[in-house]
Amino acid sequence: MEKPLIVITGASSGFGAEIAKLFNKENYPMLLLGRRVEKIKALPLNFDKVLVEAVDVTDKEQFETAVRKAEALYGKTDLLVNNAGVMLLGNVLIQDPAEWKQMMDTNVLGVLNGMQIVLPDMVARETGTVINMSSIAGRKTFGNHAAYVATKFGVHGLSETVREEVSAKNVRISLVAPGAAETELLTHVTDQNALDSYNAWKQTMGGKSMAPEAVAETVKFIYDMPQSVNIREIDIAATNQNA
Ligand code: NDP
C-alpha cells in the first residue's frame, strides 16, 4: 500500500534533517521545507518521492501553497512535524526586540500556521498526526533564554489545547521536548556573552550534548504507535544534562 505524506518543517539541518532521513529509509513520500533548499537537496536521501520547497514558516500563504502542491502529488498529509525554530539567546534588558519577534513568529506562529493548514482536513478525515518540536525550555527556565522560553512555553500550551480540541476526532497532537543537542541552533546567536555562558554550561556535559538522531527516533516512535494511541509528550535530553 502507498504510504501517506509526511511534511517536515526545518528539514535543512539538525533534527529536521535527521527526521527526514529516518522516514526516507521507509519510503514515505515527503514534503521537506526550509528557507535553504540547497541544504535539503544535498541531504543523503532518495529523492524519488520527496518534494523540496523553499518556505518560510512565518509566511502562511507560502507554507500552504507548498503543502497543497505536495498533497496533489501524494495525497493528504498524514503527519506534520512542526520542527522549524530559532533560539536567539540574550538578556531581555539589552536584547534587540527584533530577535524576540523572529522567535515568536517562527516558533509560535509558524507552528500555528502549520496546524491551521493541515488540521481541518485531518479533523474531517478523522485521522492524522501533528508533532510539535518544543524544548525542555518549554517546561523550565534557563538564564538568557527569556524570549525563547516564552515561545516554547507557548508551544507546550497551544499543543495541549489543540490536542484537547481535536482528540475526539481521532487526530493526534504530540510534542517532543528535547534538551541541548548538536545541531546548528546556536550558530545564529548574536550575543557573545550569552553564547559563552551556554558553552560554559555545556562543559558540564563534557562539551558535547545529545545526538540529533535520538530526537528523530523519538518522533518516529510517536508516529509509529497505532492511531488510537497518542504519546502526548516526550522529554528527552542527554543523561548528563543537569538542568
Ligand atoms: P537547526 O538550527 O539545526 O535547525 C533549525 C531548522 O529550522 C533549520 O532547518 C532552519 O531552516 C529552520 N528554520 C528556521 N527558521 C525558519 C523559518 N522562518 N522558516 C522555515 N524554516 C526555518 O536547529 P535544531 O535542529 O536544533 O532545531 C529544530 C527545533 O528543535 C527548533 O524548534 C528548536 O527550537 C528545537 N530544539 C533544539 C534544541 C537543541 O539544543 N538543538 C533543544 C530543544 C529544542 P532554514 O534556515 O533553511 O530555513
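Start by colouring the protein chain by secondary structure and walking from one end to the other: the pattern runs β-α-β-α-β-α-β-α-β-α-β-α-α-β. That gives seven helices and seven strands. Keep in mind that what you have on screen is a predicted model.

Now zoom out to the whole chain. Its C-alpha atoms fill a box of roughly 50 × 40 × 35 Å along the principal axes. A compact globule of 243 residues would have a radius of gyration near 18 Å, and the 17 Å of this chain agrees with that. Buried residues make up 53% of the chain.

Next, the charges. Select the charged side chains: 24 are positive and 29 are negative. Opposite charges can pair when their charged atoms come close. The salt bridge count here is 17, so let's visit a few.

Select K49 and E2. Their closest N and O atoms are 3.8 Å apart. K49 sits in the loop between helix 2 and strand 3, while E2 is in the segment before strand 1, so this pair ties together parts 47 residues apart in sequence.

Move on to E53 and K69, a salt bridge at 2.8 Å, N to O. E53 belongs to strand 3 and K69 to helix 3. Buried or exposed: which is E53? It's buried, because its relative accessible area is 19%, under the 20% cut-off. K69, at 42%, counts as partly exposed.

Then pick D105 and K101, which meet in a salt bridge at 2.7 Å. Both lie in helix 4, four residues apart, about one turn.

Last stop: select K60, E64, R68 and E71, which salt bridges with shared partners join into one network.

Definitions and conventions: Residues numbered from 1 in each chain as written. Predicted model: local features only at pLDDT ≥ 70, side-chain atom pairs only at ≥ 80, totals over all residues. Heavy atoms only, no water. Helix = DSSP H or I, 4+ residues; strand = E, 2+ residues; numbered from the N terminus. Rg over C-alpha atoms; globule rule 2.2 N^0.38 Å. Buried < 20%, exposed > 50% of the residue type's maximum accessible area, 1.4 Å probe, protein only. Lys, Arg positive; Asp, Glu negative; His and termini not counted. Charge placed at Lys NZ, Arg CZ, Asp CG, Glu CD. Salt bridge = Lys/Arg side-chain N within 4 Å of Asp/Glu carboxyl O.
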